[in-house]
Amino acid sequence: MLTLSDVKKSFGAHEVIKGISFQVEKGESFGLLGPNGAGKSTLISMICGLIPNGEGEIRVNGKLVSKHRKETQQMIGVVPQDIALYPTMSALDNLMFWGKMYGLSGKKAKDRAKEVLEIVGLTERGKDRVETFSGGMKRRINIGAALMHEPQLLIMDEPTVGIDPQSRSHILETVKSLNEQGLTVIYTSHYMEEVEFLCKRIAIIDEGKLLISGTKKDLNNRLAGGIVLKLTVGSLHPSFIEQVKKLNGVEKVIVQQAEEIDVHLQSKMESVADVILLASQSGVVIHNMHLKEANLETLFLQLTGRSLRE
Amino acid sequence: MKKILSICLFEIKRTFKKKSSIVLMLGMPLLFTFLFGSIFGKNADIAFRIALVDEEQTAYSKDIIQKLMHDEMISYELFNALEAEKLLASNEVQGIVTLEKGIANKLRNEEPAATFQPSLGIATAPLIKQQVNQAMQSLDIYVAAAQVGGFYFNESWESVYERLTGNERQIQAWTEQRINASDGHPLMGISYSSAGFSIMFVMIMMLSMTGTLIEARQAGIWSRLFTTPVTRFQVLLGYFLSFFIVGGIQFFLLILLSSTLFDVNWGSPVALLLLVTALLLCVVGLGMSIASLVKTVEQQNAIGTLVIISTCMLGGVYWPISIVPDVMQKIANFVPQTWAMEGFTSLIADSGTVGDILVPLIVLLGFAVIFLSIGLSRMNYT
């Protein structure tokens, strides 16, 4: 459905996308994870023909975006991060307008707008002005506008920013259902749990580079440890960290702050007991400790040393 | 083409959904036309009747009086001092202009030579003072020459002045005869206000409409539009057409209503259509060029309003351009409103045809090309 081959993009001397390649299969839900400024929106803008890509190739259904912009755009529905709607017009008017931009005629646009209102669960509010809607309802119409022309590929750029949990859940369920019906979805977010819920394959990008991509299982296998032991200690001796690193079952030790360390363990509780014993022998007082299952956030931290929401 | 029309019709629908648009399009211009039309209107001779008292009684004072009496907005009538006082007391005149004895010498010595006694609250007092001063200053050079001539020829300055201005009066009489023969009339009263305020409020409306370009850009609507299979050309043409059609509807309704309510005769329909088209192109271009130069709607409103109000003042939208100093009249040639008003004057007052408004048409189209070029070349699409 979508192929990116060594895509690069620079604004002036600043290279924002540094040779990214990946593929998205038809009917797949693909997550694009990365912190703010990672290059997600630039990448999406290039895929949907908003800005030209510098080097490399972007193909949608085999067609080069740079050469067949209109055709590829007709296959894609874009849900932008902004609520790009006309607030003083009704939801129905807005949907019809965006439908017409994709070539739908008046009658077809109206019929499709009614179907879309049903999909996003706002049939009763169709004639109301968008400005009277809650943030979540606006987001749903924002998604609806991208569905008007029944696209083959739906690209969603952080579609749940700033909304209540109920609306967020409704949106995620809607997108999951659309994907199950065969719609290919690319979902970008820095909410790791949304991507984990929706997407079968995930790519993590940062500073314009693809750090890792694969299925959730692939990525979990790449984690340095299955369990993270988070310790808050009284005083930290460098020798203690070195000794912890040498323990059996310890993959990695990351010093978060002066008195906080994350010990990545392969698994099993005996490794935890070894760490506690070593702390006791080294005179390191443990104030607090808890165990955490490793997830994508942990993986991102491992790969970049930064949190996803930084 | 369907996409261009969809954008255009959607924008028109959006505009007419706002109640404030109707007020701005029709309510405000009609109200202002009525208010200003009453001031400079058909009843102006009743509203602004000024008594003239000639204490000097020389050829010089008579020339000043003659000049004042030619004024088209304010009616000056000659009375003696006593009559004038009575008329002012009974509110039958709104002020007294007295040309004092020794007026020429006083003027030469830069002393006050005429007095103006206005009735309370008369808003046009500064205008009347200015007119009297201008009338005196325009003859000042003859007085100066007559005084020097009188000294050398050992004659009274008055007799030299009479000889000097005799030829001038003959030329003026001949010129007036020619003007009357060619049926040239100044644009007055309600007609003047109708033309002037139609221009101003169409400009304000277009400023508000072209602000939607910035709104759409800020809201991310343009970015989204360009992810759909539409081109920049289609988007811009859609917007442009909507501005042009709304402006056209506004002009049409204002012309219709002013004809019906205020009995304004707008002249040749074909010539009017051409003039309004050229003016709209120019005004839409101005709005788009301002929208392309600013970043926010607030900036567009602030800068746009400043540009419109100041150029309307300069272009003779509120008052006849003939009452402003020569320098300002020359500067006024560089604002489109001057040419639009010239065109409307030709159509309304002189029953002009297309041929008579060719110059204003060409100049307005020239402005349109410049403004549209700036607007389109500098437009920020993301």
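Biologist: How many residues of chain B are in contact with residues of chain A?

Modeller: In this predicted model, 23 residues of chain B are in contact with 30 residues of chain A. Each of these residues counts because heavy atoms lie within 4.5 Å.

Biologist: What area do chain B and chain A bury between them?

Modeller: The two chains bury about 2400 Å², 64% of it on carbon and sulfur atoms. That value is summed over both parts.

Biologist: Why is the meeting of Asp93(A) and Lys17(B) called a salt bridge?

Modeller: The distance from N to O between these side chains is 3.9 Å. The cut-off for a Lys nitrogen and an Asp carboxyl oxygen is 4 Å, so the pair qualifies. The count between chain B and chain A is two salt bridges. On the side of chain B that touches chain A, the elements giving two or more residues are α1 (2-17), α10 and α11 (232-262). Of these, α1(B) gives the most, with nine residues.

Biologist: What is the make-up of the side of chain B that touches chain A, in nonpolar, polar and charged residues?

Modeller: That side divides into nine nonpolar, seven polar and seven charged residues.

Biologist: Which residues lie nearest the centre of the second largest pocket?

Modeller: They are Ser45(A), Leu50(A), Pro80(A), Asp157(A) and Ser223(B), from a lining of 17 residues. Each residue of the lining belongs there because one of its atoms is within 4 Å of a pocket point. The pocket has a volume of about 300 Å³.

Biologist: Which elements give two or more residues to that lining?

Modeller: These are α1 (40-47) of chain A and α10 (221-225) of chain B. The largest share, three residues, comes from α1(A). The lining comprises seven nonpolar, seven polar and three charged residues.

Key. Residues are numbered from 1 along each chain as its sequence is written. Chains are lettered from A and ligands numbered from 1 in the order in which they are written. This is a predicted model: local features need pLDDT of at least 70, side-chain atom pairs count only at pLDDT 80 or more; totals for chains, interfaces and linings use all residues. Side-chain values use heavy atoms; hydrogens and water are left out. On a 1 Å grid over the protein atoms alone, a cavity is a set of points where a 1.4 Å probe fits but cannot get out, and a pocket is an open set with protein on both sides within 12 Å along at least five of seven lines; lining residues have an atom within 4 Å of a point. Grid points are joined across faces, edges and corners, and a volume is the space filled by probe spheres set on the points. Helices (H or I, at least four residues) and strands (E, at least two) are DSSP runs, numbered from the N terminus. Ala, Val, Leu, Ile, Met, Phe, Trp, Tyr, Cys and Pro count as nonpolar, Asp, Glu, Lys and Arg as charged, and the others, Gly among them, as polar. Buried area is the accessible area (1.4 Å probe) that two parts lose on being put together, summed over both.
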